[in-house]
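Dear colleague,

I am handing over a structure for you to look through, and I would be glad if you opened it before reading my notes.

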Amino acid sequence: MILLGRVYDGLMVDLQAVSQKLVRRSEDILTRLTGSSGEQAREALRRANGSVKLAVLLLHGCDVKEAADVLDRAGGQLRAALATIGQPGPDPTDLSELTDVEAPKM
């Protein structure tokens with residue numbers, strides 16, 4: 001899914017918000033990826049017809065046509081589309097921060 005461009009920063013971004021549950025999930029994904037408010041995420045999703053990838057680009061300042069063009073030129077890959085508009089992707093996660101549990105000794 002990552003190589004297909006359907007997952008970005010560990011989140012499924014290739015989904016269409018067609019149910020209330022998916023709308024809420026999409027809003028949560030957008031707020032996490034962009035730092036936007038819930039209201040901004042809802043508006044971006046509305047303008048993007050429920051497309052999370054398109055909404056991410058809208059929240060980074062693109063208009064709908066520009067966002068669709070950039071995403072199309074990037075082959076649907078959100079990371080490449082963000083790089084095209086000059087937005088850096090997420091930093092690699094430092095796994096040492098995720099857990100304080102030691103690995104089992106063999």
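A crossing of two helices is left-handed if the near helix is turned anticlockwise from the far one by less than a right angle, and right-handed if it is turned clockwise. By that rule, helix H2 passes helix H3 in a right-handed crossing, where helices (H or I, at least four residues) and strands (E, at least two) are DSSP runs, numbered from the N terminus.

Before going further, please keep in mind that this is a predicted model, in which local features need pLDDT of at least 70 and side-chain atom pairs count only at pLDDT 80 or more, while totals for chains, interfaces and linings use all residues. Residues are numbered from 1 along each chain as its sequence is written, and side-chain values use heavy atoms, with hydrogens and water left out.

The chain holds five helices and two strands, and from the N terminus on its elements follow the order β-β-α-α-α-α-α. Of its 106 residues, 32% count as buried, a word that stands for under 20% relative accessible area, with exposed meaning over 50% and partly exposed in between (1.4 Å probe, protein chains only).

How do H2 and H3 lie relative to each other? They pack at an angle of about 120°, with their axes 8 Å apart; axes here are lines fitted to C-alpha atoms, for helices over the stretch in contact, and angles run from 0 to 180 degrees between N-to-C directions. The two helices are therefore oblique to each other, since angles under 35 degrees count as roughly parallel, over 145 as roughly antiparallel, 65 to 115 as roughly perpendicular and the rest as oblique. On the H2 side, Gln 40, Ala 41, Ala 44, Leu 45 and Arg 47 meet Val 52, Ala 55, Leu 58 and Leu 59 of H3, where a contact means heavy atoms within 4.5 Å.

Helix H3, which spans residues 52-59, is mostly covered, for seven of its eight residues are buried. Those buried residues, among them Lys 53, pack against helices H1 (20-34), H2 (38-47), H4 (64-73) and H5 (78-84). After H3 comes Gly 61, whose phi is positive, near 105°.

Which residues of H1 are worth a look? Leu 30 lies in that helix and, at 0% relative accessibility, counts as buried. Leaving aside residues up to four places away in sequence, Leu 30 touches several others, including Ala 41 and Leu 45 as well as Val 52 and Ala 55. Its C-alpha is 8.9 Å from that of Ala 44, although Leu 30 and Ala 44 are 14 residues apart in sequence.

Arg 24, another residue found in H1, is partly exposed, with a relative accessible area of 46%.

With best wishes
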